[in-house]
Amino acid sequence: MKIDFYSAKPYDISFFEGMNTQYHHELIFHEYSLNEETVKHVENTRCICVFVNDKLNATVLEKLYNKGIRLIALRCAGFNNIDIAAADKLGITVVRVPAYSPESVAEHAVTLMLSLSRHVHKAYNRVRESNFSLQGLLGFELHHATVGIVGTGQIGTALAKILTGFGSKVIAYDPSPSDECISIGVQYVDFKSLCQQADVISLHCPLTPDTHHLINNKTLKNMKENVMLINTSRGAVIDSKAAIDSLKNKHVGYLGLDVYEQEENLFFQDLSDQIISDDVFERLLTFPNVLITAHQGFFTDEALRNIAETTLNNIQRFENNSECLHCCHI
Ligand code: NAD
């Protein structure tokens, strides 16, 4: 089958072409993102492959349908960027990669926690300038911390396993608790109690109308003084302006972000010679206790191999009229 890829980066091309030697699809790569403005460039075809910041609302989907598209293959887990109800109505199948390597994201969340708790981002720069002072680098141990995990699906569970290894006390909130987490000693509490008890809060729920701005002025006030907040789920789970207020009044002590509400205008591009017009993002960068990575939680060799394999297999199954294994439903 001919597959048109959008938001394609050199690493996508490399991993998909490598894996395609087993599938023999025709792969066409487009660097630009797919959205209301760019949909006019899409050629008549049956299948497209998109990523997290391609925005496929009802208008875009209708245009895609009229161009013959019947399969949208997401090369990611989250599907908040596609209007699934509209796709269903049009009869467009949407498939995704539900589990490519939960450990890749869980380990990245731990990377952010440890970098912030031990000020590694500051120490790195200091030592390069021959400043070997430890002043201001006093850390705390995850071993003695209570870590609250919001959403104990695949990534949250992988994180719970790592943290129990550290000896942290792990508490969690999830409307559907995981037996695996309970079996390793994770204690489930309601969201309010999690906010009140946790020294570190890590977000691993999907972005839905329920979780949009779950972290806001009110819920932030419920958290412990000096709390560490880590978000590797989706940007809009945190109200960024509320987080800035909380950082300014020193209530939030550490903020680690791999995702950001308006990231589609920034992430996955080299903008180093441009003026960034997003004042909220620029304000976040000014805090010494904020560490931001540009949506790289998934970015490991193991995960990219799995993403390419599952995506091409999803497409193969669609082509063969086999049962859809990873269809997105509302
Ligand atoms: P999952 O579906 O396995 O788990 C999500 C969990 O969240 C489920 O257990 C669900 O019950 C729970 N949940 C739903 N609503 C909730 C709520 N209101 N409060 C608390 N918990 C709630 O998903 P996953 O594979 O663990 O991934 C989690 C999220 O991580 C994805 O939705 C995606 O947005 C994000 N993600 C980020 C990256 C990255 O590179 N940073 C990569 C993959 C996934």
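**Ground rules.** I number residues from 1 along each chain as its sequence is written, and I work with heavy atoms for side-chain values, leaving out hydrogens and water. As the model is predicted, local features need pLDDT of at least 70 and side-chain atom pairs count only at pLDDT 80 or more, while totals for chains, interfaces and linings use all residues.

**Entry 1: the largest pocket.** I looked up the open space first. A pocket here is an open set of points on a 1 Å grid over the protein atoms alone, with protein on both sides within 12 Å along at least five of seven lines. The largest pocket has a volume of about 1,100 Å³, where volume is the space filled by probe spheres set on the points, joined across faces, edges and corners.

I then went through its lining, meaning residues with an atom within 4 Å of a point. The largest pocket has 44 lining residues, and G78, H204, C205, P206 and L207 lie nearest its centre. Two or more residues each come from α3 (84–90), α4 (102–117) and α6 (154–166). Helices are DSSP runs of H or I of at least four residues and strands are E runs of at least two, numbered from the N terminus. I marked α6 as giving the most, with three residues.

By class I get 23 nonpolar, 15 polar and six charged residues in this lining. Nonpolar covers Ala, Val, Leu, Ile, Met, Phe, Trp, Tyr, Cys and Pro, charged covers Asp, Glu, Lys and Arg, and the others, Gly among them, are polar.

Where does the largest pocket lie? It lies between domain 1 (2–100 + 300–319) and domain 2 (102–292), because both give residues to the lining. The domain bounds come from an automatic or database domain assignment.

**Entry 2: the largest cavity.** I find two cavities of 30 Å³ or more. The largest cavity has a volume of about 70 Å³, and its lining includes Y11, F51, R75 and F298. α1 (10–20) and α12 (301–319) each give two or more residues, with the largest share, four residues, coming from α1. I note seven nonpolar, no polar and two charged residues here.

**Entry 3: the second largest cavity.** This one has a volume of about 40 Å³. Among the residues that line it I wrote down G235, S240, L255, Y260 and E261. α10 (240–248) and β11 (252–257) each supply at least two residues. The class tally is seven nonpolar, two polar and one charged.

Notes
On a 1 Å grid over the protein atoms alone, a cavity is a set of points where a 1.4 Å probe fits but cannot get out, and a pocket is an open set with protein on both sides within 12 Å along at least five of seven lines; lining residues have an atom within 4 Å of a point.
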